[in-house]
Amino acid sequence: MPTKSPVEDEVVAAVGRLLRRGLPVTPAAADPVLLDLRGVVARAVDPADEASRTAALDGTLRGLLARFPDPRYAPAARALFGLPPAEPGQNLTVRRDLAAEQAGHEVHHFRKRVEPRLVEKVAWELLADADRFTRSPMIAPRLAPVAERQPVQADPFAWEVAEHEEQLSRLWSAIYAARAELLAVERLISLHADRMDILQTAVTAAWRWAAARAEAISYTTAFAPEPDASAEELVALAGWTPVLTEAQASRLTEAATGGASREQFVTALHGETGMGNTWTEGFLTRTPSPENTIEQNGTQS
């Protein structure tokens, strides 16, 4: 792994301290260094409230552990932090024994050689998550409960503000709808689901992604946000997709423009076999990016 900066050292140390109690994260175990990470603050319902940021940290860690990049050590990492195959309330000694078993190592070897690497990897994932939020062109607006009706005043400025919020809401609604379907595809692939179920969901994901791209183009054209917030960067927030040519992306977007239903989208693309294969087969043949394993050239005990 790269040489750590002082800030990175602090995050690694904080994750190590968090490991003692494991998940769920409690206010007593939530280190300020972790609560101040950009990805945690951005996910908190109330960033100024420590309890809200603690809940956001817990959710962030669960998500990162669910997608732990080293397949061999993923179950061990989850067990170590108190997620299944571990059970709620187990102390670190029990969790460590279970994690060593999951990794195929003797406990002493695991604690000395593997556990520090797992802690460091989780810390690096938190830092990478924070960096993605730091570099993200836009962050979804937070919603707060409204106790009473908030009518729009009959005024050009009020109309403009309301229209901007309306289009921004439509944009994020479309982005999150696309993200939900992209996650559904990955989940079904992981479950080794029936191929037809995967393909049907992949088509739905294409429709949602294209609709999100259409909304992103509409939003950036109408409101021209900061230069870095291009339509492509906005729709990329939905998640990974197979690589498309500009012509293919434009064709998908055209088919989804104007609030087209899934059926209308599919009908509009009838006969586009090559593009359909590029999208659906892209999920099925995707090769994950190579990751450094936790222990290079290690021997199982």
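**Nonpolar cores and overall architecture of the predicted model**

The largest nonpolar core comprises 44 residues, and those with the most contacts inside it are Val15, Leu34, Phe110 and Leu118. A nonpolar core is here a set of buried Ala, Val, Leu, Ile, Met, Phe, Trp, Tyr and Cys residues joined through side-chain atoms within 4.5 Å; buried denotes under 20% relative accessible area, exposed over 50%, and partly exposed in between, with a 1.4 Å probe and protein chains only. At least two residues of this core come from each of helix H1 (6-21), helix H2 (32-35), helix H4 (50-66), helix H5 (74-80), helix H6 (92-103) and helix H7 (107-135). H7 gives the most, with nine residues. A second, separate core of 33 residues includes Ala174, Ala231, Leu234 and Leu244.

The structure is a predicted model, in which local features need pLDDT of at least 70 and side-chain atom pairs count only at pLDDT 80 or more, whereas totals for chains, interfaces and linings use all residues. Residues are numbered from 1 along each chain as its sequence is written, and side-chain values use heavy atoms, with hydrogens and water left out. The mean pLDDT (the predictor's confidence in each residue, from 0 to 100) of the protein chain is 89, and 90% of its residues reach 70 or more. Over residues 297-301 pLDDT stays under 50, and the model has 10 contacts beyond four places in sequence for this segment.

The protein chain contains 13 helices and zero strands; these elements are DSSP runs numbered from the N terminus, helices being H or I of at least four residues and strands E of at least two. Along its principal axes the C-alpha trace spans about 65 × 50 × 35 Å. Of the 301 residues, 41% count as buried. Among contacts (heavy atoms within 4.5 Å) with a separation of 6 or more, 67% are accounted for by residues 24 or more positions apart.

Two leucines illustrate local packing. Leaving aside neighbours within four places in sequence, Leu34 is in contact with Val11, Ala14, Val15, Leu18, Val40, Leu57 and Leu126. Leu92 is found in helix H6 and counts as buried because its relative accessibility is 17%. Residues up to four places away in sequence not being counted, Leu92 touches Leu19, Arg20 and Leu80. Leu92 and Phe81 lie 11 residues apart in sequence, with a C-alpha to C-alpha separation of 8.3 Å in space.
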